[in-house]
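Thanks for coming. I will go through one structure today, starting with charged side chains and ending with the nonpolar cores. Please look at the sequence and the model first.

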Amino acid sequence: MGVPNDDVVLIQKGKQPGEPYVITVNCPDKAGLACDICRIILDFGLYITKGDISTDGIWCFMVFWVVPHSCSIIVRWANLKNRLLSICPSCSVSFYFNQQSPRSLSSPVYLLKFFCLDRKGLLHDVTQVLCELELTIQRVKVTTTPDGRVLDLFFITDNMELLHTKSRQDETCEQLHAVLGESCISCELQLVGPEYDCHQGVSSLSPLVAEELFRYELSDKETRSQALSPDTSKLKKTNVTIDNSLSPAHTLLQINCVDHKGLLYDIMRTMKDCNMKISYGRFSSISKGYRDLDLFIQQMDRKKIVDHEKQSALCSRLKMEMLHPLRVIIANRGPDTELLVANPVELCGKGRPRVFYDVTLALKALGICIFSAEIGRYSTSDREWEVYRFLLEENCKFQLSNMVAREQIVDGVRRSLMGW
């Protein structure tokens, strides 16, 4: 016997207006399941106010209290439930005899190509439509022509797995036409061919830019500028402690840090990539801008973490991921000014959701036009990164050569990404 699908994922509306929705997941356990759930919740534009995780290694029970990040976000709750169901392991008895979940097939990639007249905020408006349609941007290549027109190439996958149907394709083009209006010259959607491989990487980065963007340790000046809390007068403080005295079988990991968008995802992603099993976890409500998280964890061999070097490495990694889950810099690219955003890719190959949405939203709010944009992957010695590159137009209210203006742009983009 198994658990009926209706009981695997439950989503309950708050009893009073404004109260959080409650998402309950009750299913067989698998490695990294909490991370996968938090990624999907973030992908739907939801903010986790608190959460509880419990598992015995075979079965897990998770509860998340969530609210939309902003009132403008429209959440399709039925679609969210289906997405969560799709990543839950089989609930049949056979699962216990084979702990490996079925390998998920990669979704086919489609090329969305449209040609239109340029205007401020165009790229974000298109990105918002794609997010609302639950289309994930895998790669993008945006180019502005000298006559003020834009050629956009979006390589996308469909979270609903319906983009092969004519009705889904028509819906996508119609939604884009509604946003672009008469400025849209042409819009095409097709399954990609071998040319997709040509867009996997990013254009070469100079050694100086790569060092600034990807280095592990930051200078004191960078720490002050990049580790700001929502209150610009205060630096973020992150405390990570390990205690082996409270449980005979588990290591207690205690975290206290400033809250930000996707915080629980960043922590679960780090634990997944470090091969740590979470037996019990509690994510508390925000208090004075800070979060407390208690995790009872084990190594993959079901033993506590007693090696001091492993303890130190885990604490150091968590601190860095919470202080700087994304990297944001501005650099010169020849005569042009370039904004670069990088976020670490999970070992499974998935990147952080909604980054392109948040960056284009920030630039639109700042009144900055984007001349060209691209997304690609970049590998360093210890990990893979997803890199977003934006060439900024000079004809905006910011003097892009001015260091103060550049810091304002970086700060605005970072705050959009962090949800501040």
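**Salt bridges, sheets and cores**

I start with a pair of charged residues: the side chains of Asp 147 and Arg 149 form a salt bridge, at 3.6 Å from N to O. Keep in mind that this is a predicted model. Asp 147 counts as exposed, at 52% relative accessibility. Arg 149 is partly exposed, with a relative accessible area of 32%.

How far apart are Arg 168 and Glu 171 in helix H5? They are 3 residues apart in H5, residues 166-180, so about one helical turn separates them. In general, an α-helix has 3.6 residues a turn, so residues three or four places apart point the same way. Arg 168 is buried, with a relative accessible area of 4%, while Glu 171 is partly exposed at 27% relative accessibility.

Another salt bridge is between the side chains of Arg 333 and Glu 338, at 2.9 Å from N to O. Is Glu 338 buried or exposed? Glu 338 is buried, with a relative accessible area of 3%; Arg 333 counts as partly exposed, at 29% relative accessibility. There is also a network: salt bridges with shared partners join Asp 266, Arg 269, Arg 317, Glu 321, Arg 352 and Arg 383.

Now the sheet. It is open, with 8 strands in the order S1-S2-S4-S3-S11-S12-S10-S9 and antiparallel pairing. At the edges are strand S1 (9-12) and strand S9 (239-243), each of which pairs on one side only. From one strand to the next, the twist averages 25 degrees.

Within this sheet, strand S3 (residues 46-55) pairs with strand S4 (residues 59-68) in the antiparallel sense over 9 bridges. Tyr 47 stands opposite Val 67 in S4. Which strands does helix H2 touch? Helix H2, residues 33-43, packs on the sheet and touches strand S2 (21-28), S3 and S4, with its direction at about 20 degrees to that of S4. Helix H9, residues 308-323, also packs on the sheet, touching S9, strand S10 (251-258), strand S11 (276-283) and strand S12 (290-299). The direction of H9 makes about 155 degrees with that of S9.

Next, some other strands. Strand S5 (residues 110-117) and strand S7 (residues 149-158) pair in the antiparallel sense over 8 bridges, and Tyr 110 stands opposite Ile 156 in S7. S5 also pairs with strand S8 (residues 184-191), again antiparallel, over 7 bridges. Here Lys 113 stands opposite Glu 188 in S8.

On to helix H8, residues 263-273. It is mostly covered, with 10 of its 11 residues buried; these include Asp 266, Ile 267, Met 268, Arg 269 and Met 271. After H8 comes Asn 275, whose phi is positive, near 60 degrees.

Last, the cores. The largest nonpolar core has 50 residues, of which Phe 64, Ile 267, Met 268 and Met 271 touch the most other members. H2 supplies the largest share of this core, 8 residues. Leaving aside neighbours within four places in sequence, Met 271 is in contact with Leu 253, Met 276, Ile 278, Leu 295, Ile 297, Leu 314 and Leu 318. Apart from this core lies another, of 48 residues, including Phe 114, Leu 135, Phe 390 and Leu 400.

Notes
Residues numbered from 1 in each chain as written. Predicted model: local features only at pLDDT ≥ 70, side-chain atom pairs only at ≥ 80, totals over all residues. Heavy atoms only, no water. Pairing = 2+ DSSP bridges. Helix = DSSP H or I, 4+ residues; strand = E, 2+ residues; numbered from the N terminus. Axes fitted to C-alpha atoms, helices over the stretch in contact; angles between N-to-C directions. Contact = heavy atoms within 4.5 Å. Buried < 20%, exposed > 50% of the residue type's maximum accessible area, 1.4 Å probe, protein only. Core = buried A, V, L, I, M, F, W, Y, C linked by side-chain atoms within 4.5 Å. Salt bridge = Lys/Arg side-chain N within 4 Å of Asp/Glu carboxyl O.
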